[in-house]
Amino acid sequence: MEKVISTSELNEILLELIESAETYYSQSHSYFEDMYYTGCRSIEPLLIDRWKYLNGNVILSTVKTEAIRFFKTTELSHDLLQSIDDTLPPYGGLTYDQLTAEFRKYIKLHPIYCGNRVADTYLFRYNRAKQLFYETNDLVKVQEFFGWQSLDTANRYVTQKLVYTSHKVIFG
């Protein structure tokens, strides 16, 4: 069975995950919340040395492009903010692998594919781009929020088809 995931359905699935009481690690909720509101790459909230305060906001130097992204403190979890303050690992020291395993175990539909790859926690990134475009109807605002160099990248994230399949997909 193959099903295209709508923008609203993707948002609902991720919100349900954030609000779920079923996760093994309680700190994973903060991670999922940060991923939902920031649309960061999965590893970025864990790299606390990339986060700094600037004029009452929080900035992130992104992993791939070193772009600077700005966030209000109200957009980030207490856990992440406390870790930035203390320069300690966030989310109780949970690792990327532990958090990704939590995601896979507790998300309503898994796997969801983006092209020929399982999207996993990148779904938060796609969702943030799609939600921002839905709110503003402006690709430039999406591009600026993420710090992308081209509108093409923003357009790909906004228009990318995400597909759930109840069986493993084999390509090639």
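Predicted model: local features only at pLDDT ≥ 70, side-chain atom pairs only at ≥ 80, totals over all residues.
With a relative accessible area of 33%, Y96 is partly exposed, because partly exposed is the class between under 20% for buried and over 50% for exposed.

Is E22 buried or exposed? Its relative accessibility is 59%, so E22 counts as exposed.

Four strands make an open sheet, and the order is β1-β7-β5-β6, with antiparallel pairing. The edges belong to β1 and to β6, residues 117-118; each has a single partner strand, so one side of each has no neighbour in the sheet.

Let's look at β7, residues 162-165, together with its two partners. On one hand there is β1, residues 2-4, which runs antiparallel to β7 and is joined to it by three bridges. Within that pairing, V4 has V163 as its bridge partner in β7. On the other hand there is β5, again antiparallel to β7 and again with three bridges. Here C114 is the residue whose bridge partner in β7 is L162.

What about the faces of that strand? In a regular strand, side chains alternate between the two faces of the sheet. For β7, both faces are covered: L162 and Y164 are on one side, V163 and T165 are on the other, and all of them are buried.

Next, some backbone geometry, for those of you who like to check torsions. Which residues does the cis peptide bond join? The bond is between H110 and P111, and omega there is about 5°. P111 falls in the loop between α4, residues 96-106, and β5, residues 112-114.

Then we have two positive phi angles, and neither residue is a glycine: T87, at about 45°, and Y91, at about 60°. T87 is in the loop between α3, residues 78-86, and α4, and Y91 is in the loop between α3 and α4 too. Their surroundings are where the pair gets interesting to look at. T87 has 61% relative accessibility, so this threonine counts as exposed. Y91 has 0% relative accessibility, so this tyrosine counts as buried.

One last stop, at helix α3, where L81 is found. Is L81 buried or exposed? Its relative accessibility is 15%, so L81 counts as buried; the cut-off for that class is under 20%. In sequence, L81 and W51 are 30 residues apart, while their C-alpha atoms are 9.3 Å apart in space.

Then go to β7, with its buried residues on both faces. Finish at the cis bond between H110 and P111.

Technical notes:
Residues numbered from 1 in each chain as written. Heavy atoms only, no water. Buried < 20%, exposed > 50% of the residue type's maximum accessible area, 1.4 Å probe, protein only. Helix = DSSP H or I, 4+ residues; strand = E, 2+ residues; numbered from the N terminus. Pairing = 2+ DSSP bridges.
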